[in-house]
Amino acid sequence: MSHENEPVQAVSAPAAVIVLAAGAGTRMKSRTPKILHRIGGASMVGHALAAARGLAPRELAVVVRHERDRVAAHILELDPGALIVDQDEVPGTGRAVQVALEALDARHRVEGTVVVTYGDVPLLDTATLQELVRVHERGGNAVTILTAVLEDATGYGRIVRAEDGTVTGIVEHKDATEAQHAITEINSGIYAFDAAVLRESLTRVDVNNAQGEMYLTDVPAVADQSGGRVAAVISTDRWQVEGANDRVQLAALGAELNRRTLRRWMRAGVTIVDPASTWVDVGVELDEDVTLLPGTQLHGATQVARDAVVGPDCTLTDVVIEEGAKVVRTHGSGARIGAGASVGPFTYLRPGTVLGESGKIGAFYETKNVTIGRGSKLSHLGYAGDAEIGENTNIGCGNITANYDGVNKHRTIIGSEVRTSSNTVFVAPVTIGDGAYTGAGAVVRKDVPAGALAISVAPQRNTEDWVQQKRQGTAAAEAATRAHTTDTSTEESNRS
């Protein structure tokens, strides 16, 4: 999934990408593993895998540990070609990369560039990784580090440079001196390594540090001491290297991703009236001249065609909206809305709803697993489920398809050019022929032939004075008595 449609310079595919995804993420305070938390319609690790795959690496490995089976299953669902690697009891990012490299070497010895990134850096994109690889290979570097300059670098590892500006190493915040704490260039944790340098350097990394971990950040210093060139690519976009360790950071990343997504679509010709109240997942597709009104949320694989208007106050997931359609105050999923059709307000589209060209599903309607033909209208206050409706049919107010008998679901078939009156109930399975009519309040239990009128109304019977007899003392009884008195007076006056 691309966050920005920015052209990138072609680079050679790296030998491997290693994605580190083993952490527990305790600060998230959640039963869901940190990297499975979602922004922009995808998990954080999903964003990371998409950016990594964009490099077209020959191998892609993901290191897991916390909630191993759950995380691994999710990763393989997204990327069946990924190699799942289990981190052992030795803590630290250095050990995580080492076990991944060993697993890759067991399949085929890795030679060339190895990129290391993380499963909790969701705004990092392929373009940035390509620039990292390009600089690394053009310079013949042993290690190339993606860095950023922050006003407040608290908590981050600092980039240590020699007087001539060359990188000599990285020091973790907890291990840094007072002078090193003043450094504002920070390590993102994202690297390009020469595989041979990485393999040899990791054998020389120990756990003699404040955390007792095998730091990957020690590798640049080891490489520098061995005569290898260590360089850095400074990212001017801090969001590219921001991770999410808690829900506050996750929300901030989600808001920034949404801002970038909306900006991209507006530049592509989409009108977004109020970006502050509009949310669009990265998997959504929008055509030119689409208009999104305030309070709109588009999720999943939703597609909106040219000149369609969505909103205000719509939440749609995996919904296809064709050209010129209008959707107002609607909640829906798994539906398709035809060209020039209208939906809403206050409509609930459940999966399997297909509304034909120039059709209508109006106010306070719920639909499910129903196909509605071109020009047909379900205007207000009803339910249509497990049904097929032909073309240019008008379904009256308060109609429902009674599709469930308590055990099984049944279908209702309504033909073309049908007119149904208010409060008709179709007790499925039942078929209504083309051009048929129903009377108000009809309960249709049998098939209706084409052109027939179906009614099921018993003769009306009025029981005189029932209210005065059965509801004595009520306001209704008093009103009825007054009405009778008025009627009697009027009759006597007319006689006189």
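These are my notebook entries on what I looked up in this structure, which is a predicted model.

**Entry 1. Domains**

I started with the division of the chain. The protein is split into domain 1 (16-240) and domain 2 (269-454). I then looked up how far apart they sit: the centres of domain 1 and domain 2, taken over C-alpha atoms, are separated by 49 Å.

**Entry 2. Leucine 250 and helix H8**

Next I looked at leucine 250, which is placed in helix H8 (residues 247-267). Is leucine 250 buried or exposed? I noted it as buried, because its relative accessible area is 10% and the cut-off for buried is under 20%. I also took one distance from this residue. The C-alpha atom of leucine 250 is 36 Å from that of alanine 363, and the two residues are 113 apart along the chain.

**Entry 3. Salt bridges**

How many salt bridges does a search of the whole structure find? The search gives 25. I wrote down several of them.

I took glutamate 59 and arginine 107, whose side chains form a salt bridge with an N to O distance of 3.8 Å. Glutamate 59 is in strand S4 (residues 59-64) and arginine 107 in helix H3 (residues 93-107), so this pair ties together parts that are 48 residues apart in sequence. For arginine 107 I have a relative accessible area of 47%, so I list arginine 107 as partly exposed.

I then went to glutamate 200 and arginine 204, where the salt bridge has an N to O distance of 3.6 Å. Glutamate 200 is partly exposed, at a relative accessible area of 39%. Arginine 204 also counts as partly exposed, at 41% relative accessibility.

Arginine 238, in contrast, is partly exposed, with a relative accessible area of 39%. I also recorded a network in which salt bridges with shared partners join Asp237, Glu256, Arg259 and Arg260.

**Entry 4. Aspartate 307 and a negative patch**

I looked up surface patches of like charge. Which residues form a negative surface patch? I found Glu285, Asp287, Asp307 and Glu323.

I followed up one of them, aspartate 307. Aspartate 307 sits in the loop between strand S17 (303-304) and strand S18 (309-310). At 40% relative accessibility I have aspartate 307 as partly exposed.

**Entry 5. Cis peptide bonds**

Glycine 311 and proline 312 are joined by a cis peptide bond with omega of about 0°. Where is proline 312 found? I placed proline 312 in the loop between S18 and strand S19 (315-317).

The peptide bond from glycine 344 to proline 345 is cis as well, with omega near 5°. Proline 345 lies in the loop between strand S24 (342-343) and strand S25 (347-349).

Phenylalanine 346 is in the loop between S24 and S25 too. What is phi of phenylalanine 346? Phi is positive there, about 60°, although phenylalanine 346 is not a glycine. I have phenylalanine 346 as partly exposed, with a relative accessible area of 46%.

**Entry 6. A nonpolar patch**

My last item was a nonpolar surface patch. Tyr437, Leu453, Ile455 and Val457 make a patch of about 450 Å². I checked one member, tyrosine 437, and placed it in strand S35 (residues 437-438). Tyrosine 437 counts as partly exposed, at 45% relative accessibility.

Technical notes
Residues are numbered from 1 along each chain as its sequence is written. This is a predicted model: local features need pLDDT of at least 70, side-chain atom pairs count only at pLDDT 80 or more; totals for chains, interfaces and linings use all residues. Side-chain values use heavy atoms; hydrogens and water are left out. Patches are made of residues with over 30% relative accessible area and no salt bridge: like charges are joined within 9 Å, nonpolar side chains (Val, Leu, Ile, Met, Phe, Trp, Tyr) within 5 Å. Accessible areas come from the Shrake-Rupley method with a 1.4 Å probe; for residues, only the protein chains shown count as cover. A salt bridge is a side-chain nitrogen of Lys or Arg within 4 Å of a carboxyl oxygen of Asp or Glu. Lys and Arg count as positive and Asp and Glu as negative; His and the chain ends are not counted. The place of a charge is taken as NZ of Lys, CZ of Arg, CG of Asp or CD of Glu. Helices (H or I, at least four residues) and strands (E, at least two) are DSSP runs, numbered from the N terminus. Buried means under 20% relative accessible area, exposed over 50%, partly exposed in between (1.4 Å probe, protein chains only). Domain bounds come from an automatic or database domain assignment.
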